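Please look first at the sequence and the three-dimensional structure shown below.

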Amino acid sequence: MSEAPSVFIHCVFFRETLDPKLVEAASAAASTLPDRSQAESELLRQLMAARDITEAQKKGDVNNLGYVSNKGMLMGWIFNETVMFLSADALSPSCDIAKALVFNFIRTSAHNATVIFSARPTLWDMDFANQLSLSTNQTPRNGLEEMIQWTKEGKMWQYPVNNEKHLEEGFARQGPVRHFMELVVAGLEHISWFRDYFHQKEEVPQGVTQIHEKDSWIQLPNLSQK
Amino acid sequence: MFTRVSVCVLHFLLFSFQDPTAHPYHFQDDPYLSPRTSSEFRLYSLSQESGRSAAKFFVNSNPKFFTTDFAEPHIPCLMPETVSLLLEETSEEALKERISLRKVTAAVDMYDQLLQTGTAVSMETTHELLDLICLYCDRDPVQEGGQQEVRRRKGRFRRASDQLRFTWKENCNAERIFNLLPERDTQCYSALIRGMVKHGAYAKAFSVYTDMLNNRVTADVHIFNALMAAAPDLRDKYNERWDLITELLNQMRQQKVQPNLLTFNGVLKALRRCGFLAKTQALYTLNEMKAMGIAPSLASFDHVLAVFSKTGKRGVRFQYTETSPAQSLCLDNKDLDLGYKVQSLVEQGENWRLLGDSYQQSVYYGRFFNLLCMMEHIDVVLKWYRRLIPSLYYPNPQGLKDLLQALDTDSRLDMLPTIWKDIRSLGHDNKSDLVEELLTLMARDRHSPEVQEAFAACALDVKSAFGADRGRPSLEWSSSSLSHITCLLLRANKTPQAWEMLQLFKSKNRVPDEGLLDDFLSACSGAVSPDKAVELVQLSAAFGLPATPRLAKRTLAEFNV
């Protein structure tokens, strides 16, 4: 399978209404990329974001939106690093602008250029995007660039590390972990009692040590006499 | 909201460290293990890539050994790829699955089965199938390594195809399926023509296009772009090529197909092969693009620069340029300021990535360094030398000769021993013309005693480079190299070593020249060793030199023999 540039460009598609066919098609598109399941979840997340964008645009909330125009015609929106084309025309204009903009993105060093086409990208488009990315030099020059690349590929956690990433949806409510935590918390509530108890019992170990020392003290003179 | 991968902190750290002289990161950080020449660099990169591919291949072909998943959260790309087909029955769904997994032969088989059972296949799926077969030239795609090094083996052709070049076969599955279709629309023709052009069947592509016109099917922009790319290969004369292209453009207009950026880039690219016609037509093309509101891309500028670089016309304005041809343009024009501008662009941000793979990078830096050697003061040249070499550029012998020239021009010949060390470590110490040049420069004039001392030490080191058997073609002694080394040794009063050199003359059947023997005599008289002087005269006689009588007379005069 020819390796699609998962680091550089994710090719997604988008239609004006989000329907079940879209979801199915997203999984089909994702299957053409190397890391399938990750790409699929990413695609679906971005589709939802795209739907939110159009709703925001309908409401007139355009604070986070830049726009892309060609020949004075509004062709798409830029949201953070994602470019979306809402042109209904399935053929050349959107795809070619996308290609030109993809290369622009490469130039202006926005690594993660996610370009959403208004029609399904054909195999030729993906091949072109692949060739574009391969014509530039992608090897990392130092460890930091390598870490950036790996973070985008999903091999590394994001930095700064989020310790509670797996805790976001809620932590343990039942089971042995909860039970253990309850025990620990209960112990912590009575910690002063434990402190007093050990203070009281301090003489006992000291007494034992003194007896031992006396024993040995008695034995030593015996040895020296021999 | 969607969670975007955040690399801000890493980016910030990255831009705080910029060290162009750093050791290449992807190799082991050990002086013994790091590449010292460009060929070693390529070898090590290739071996790294092939190691990676081998590991990936092994993981994917034996998934049962790699089932343990340590990573939390799960990292899909490190696990074996499970690309087995799920759907086995003969259906359009199964066909679509095979297409999406890019299994060409399986898809063709499934399609044939569907035809046999009489099931209709939707037009959309047929289009996708045709696209698949045409793109991969009727073969299952091979998993390719990611880096350019793997593919650019020769590096001779700058525009070599990135994928393995397959040639289109007569009556391959694509054509067969195409001919079996009850009706063929634009997209079917498009797939076929694009595939034919991609895989070298240019004439066929044009004949399919003619069929298409005869069947009154309109073309799309992709068809025209493909035909434009194929046009220069179908005609030999410049004006015929250009005529073909204008013909295509006219037909585009007649069929009301809008050209796009790729169309114009295709025209410009074809113009590179249209000789004298190129310059005017390229400018017209650029104007057309502006009129249509299509912004030229980097590729457009690359083509235009290539068209103009022969005569070095600088009427072209560029914001960002393809760097290597730009640098060659500066070289042709001897325009140093422009060269610096280009270099500063390269150093900005991520632009260095545009330099491409290691071969193109070496071409670019080679030209830049050449420009510097020609135009700049030696101190600046040396500053750039230390900066670029060897972290970014392994100079070839020509580059080093340029450097030697620059040293000579600015009278910094005292740097020669240091440069010789670099020549050795770069592995160019077996290039005879380079070594001869070095020796000539060292031996040409007399210098201060310290410099002579350094030159003599260097000369001894150069001597050891001759005839050394290190498993690669080594240097052969010539009379000039022997003479120069001997002369340098004499000047630093290293007489014993100089005598050894004379023996070498004999064993290699080379004749020393008279000036050298005169110098020897002078050295002998300085050391007051009459026997040596006699030996010298005997040697001269053995060589049959015409100067022998004169030397004999001199010996008699200066020594008590």
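The text begins with the whole of one chain and then turns to some of its parts.

This is a predicted model, in which local features need pLDDT of at least 70 and side-chain atom pairs count only at pLDDT 80 or more, while totals for chains, interfaces and linings use all residues. Residues are numbered from 1 along each chain as its sequence is written, chains are lettered from A and ligands numbered from 1 in the order in which they are written, and side-chain values use heavy atoms, leaving out hydrogens and water.

Chain B contains 27 helices and 0 strands; helices (H or I, at least four residues) and strands (E, at least two) are DSSP runs numbered from the N terminus. Of its 561 residues, 48% count as buried, where buried means under 20% relative accessible area, with a 1.4 Å probe and protein chains only. Among contacts in chain B with a separation of 6 or more, 64% join residues 24 or more positions apart; contact means heavy atoms within 4.5 Å.

Helix H11 of chain B, residues 238-254, has 17 residues. From its first C-alpha to its last it reaches 25 Å, close to the 24 Å expected at 1.5 Å a residue, the expected span being 1.5 Å times one less than the number of residues. Its buried residues include B:Trp242, B:Ile245 and B:Met252. Helices H9, H10, H12 and H13 of chain B are among the elements that cover the buried residues of H11(B). Just after H11(B), B:Lys256 takes a positive phi of about 60 degrees.

B:Pro259 lies in the loop between H11 and H12 of chain B. Beyond its neighbours within four places in sequence, B:Pro259 touches B:Val221, B:Met252, B:Phe264, B:Met292 and B:Ile294.

Another part of chain B pairs helix H19 (residues 397-409) with H20(B): their axes, lines fitted to C-alpha atoms over the stretch in contact, come within 11 Å and cross at roughly 175 degrees. That makes H19(B) roughly antiparallel to H20(B), a term for angles over 145 degrees. B:Leu400, B:Leu403, B:Leu404 and B:Leu407 in H19(B) meet B:Leu416, B:Ile419 and B:Ile423 in H20(B).

B:His428 is located in the loop between H20 and H21 of chain B. Why does B:His428 count as buried? The reason is its relative accessibility of 12%. Apart from neighbours within four places in sequence, the contacts of B:His428 include B:Leu400 and B:Ile423, two residues that also take part in the meeting of H19(B) and H20(B).

Notes:
Buried < 20%, exposed > 50% of the residue type's maximum accessible area, 1.4 Å probe, protein only. Axes fitted to C-alpha atoms, helices over the stretch in contact; angles between N-to-C directions. Parallel < 35°, antiparallel > 145°, perpendicular 65-115°, else oblique.
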